[in-house]
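Hi there,

Here's the structure I promised to pass on.

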Amino acid sequence: MIYGWLLGLTLLEVGVVMAGWPRGAIVTLLMSTALAKALLIALYFMHLKFDRRAVWWLPGIPLLFGIIFVGALFPDVVWHLVQRM
Amino acid sequence: MDRATSAEVEVPLLDIPTGKFGMWVFLVSEIMFFTGLIGSYIVLRLGATSWPKPGEILNTPLLGLNTLVLLSSSLTMALALHAAQQDCQGALKRNLLLTAALGTSFLLIKGYDYVHMWHKGFTISSSLFGSCYYLLTGFHGLHVLSGVILLVYLWAAASRGVFSAAQYGRIEYSGLYWHFIDIVWVVLFAILCLV
């Protein structure tokens, strides 16, 4: 059943891109479906759902650091975007 | 659900075998590695004055097919672990071989895609997008290749009757690695090939 969901979400992703949806809608949908697929694989195929919650910290901490490091660069990106306007 | 096999010790607080903990620690380093690459791509793309539409350069249906191939390999890997836990040697060997075959198919399709793109003039040095695309997918491809080699080793071990319902740790830990590279591709496919 999980595999069915993964297949369906992938076909949805390709479908909306090829159908030429508005860009904002595509970006939002693709980010959501990618996150959903990643979570399904992590929870059910990697068995995180059935492990102790403490195990979730193992992938969780580096992901958090990644978001922080990328986020730390965003003011610089926004500054350059504003400069170009 | 996860029990240390007869020869393994469980890590305190986490209640998982030391081998599984070791694989997770390795995956932590891999998460940092790919987060660095993907984060750099996001910052470069947001900061670029212009960026081509991936759909105009890349073969989206082919890459979608490749995604389905890799997702299917995750399923067969999960089935292989289930077979090991149930002591079904035939199903274990079959699913390990299928997973390796699907992983190889992924690499062959990727290779075809690379050659096709190269002939169209989309190379690692043709543009910033080209550099990002080949770097990200290339590193991912190397990880898939390592996974395929690991799966062939596991299949050979399974053929010798190494694994049983009481001894399947290596199958589980390798499965974690394989599902991780599947997750990486799911993210790459969305942010690199579709958006």
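Below is what turned up, starting with chain A and then moving on to chain B.

First, keep in mind that this is a predicted model. For chain A, the average pLDDT is 84, and 98% of the residues score at least 70. Within chain A, helix 2 (residues 23–45) has the highest confidence, at a mean of 88, while helix 3 (residues 57–84) has the lowest, at 81.

Chain A comes in two parts: domain 1 covers 1–51 and domain 2 covers 53–85. Going by C-alpha atoms, the centres of domain 1 and domain 2 of chain A are 21 Å apart.

Now for where the chains meet. On the chain B side, 37 residues are in contact with 36 residues of chain A. Helix 1 (18–47), helix 3 (60–85) and helix 6 (169–194) of chain B each put at least two residues into that side. Helix 1 of chain B gives the largest share, with eleven residues. Sorted by class, the side of chain B that touches chain A has 24 nonpolar, ten polar and three charged residues.

What about its length? At 1.5 Å a residue, helix 6 of chain B should span 38 Å, and that agrees with the 37 Å between its end C-alpha atoms. Helix 6 of chain B also has a kink of about 30 degrees, centred on Leu188(B).

Terms used
Residues are numbered from 1 along each chain as its sequence is written. Chains are lettered from A and ligands numbered from 1 in the order in which they are written. This is a predicted model: local features need pLDDT of at least 70, side-chain atom pairs count only at pLDDT 80 or more; totals for chains, interfaces and linings use all residues. Domain bounds come from an automatic or database domain assignment. pLDDT is the predictor's confidence in each residue, from 0 to 100. Helices (H or I, at least four residues) and strands (E, at least two) are DSSP runs, numbered from the N terminus. Two residues are in contact if their C-beta atoms, placed from the backbone, lie within 7 Å. Ala, Val, Leu, Ile, Met, Phe, Trp, Tyr, Cys and Pro count as nonpolar, Asp, Glu, Lys and Arg as charged, and the others, Gly among them, as polar. The expected span of a helix is 1.5 Å times one less than its number of residues. The bend at a residue is the angle between axes fitted to the seven residues ending there and the seven starting there.
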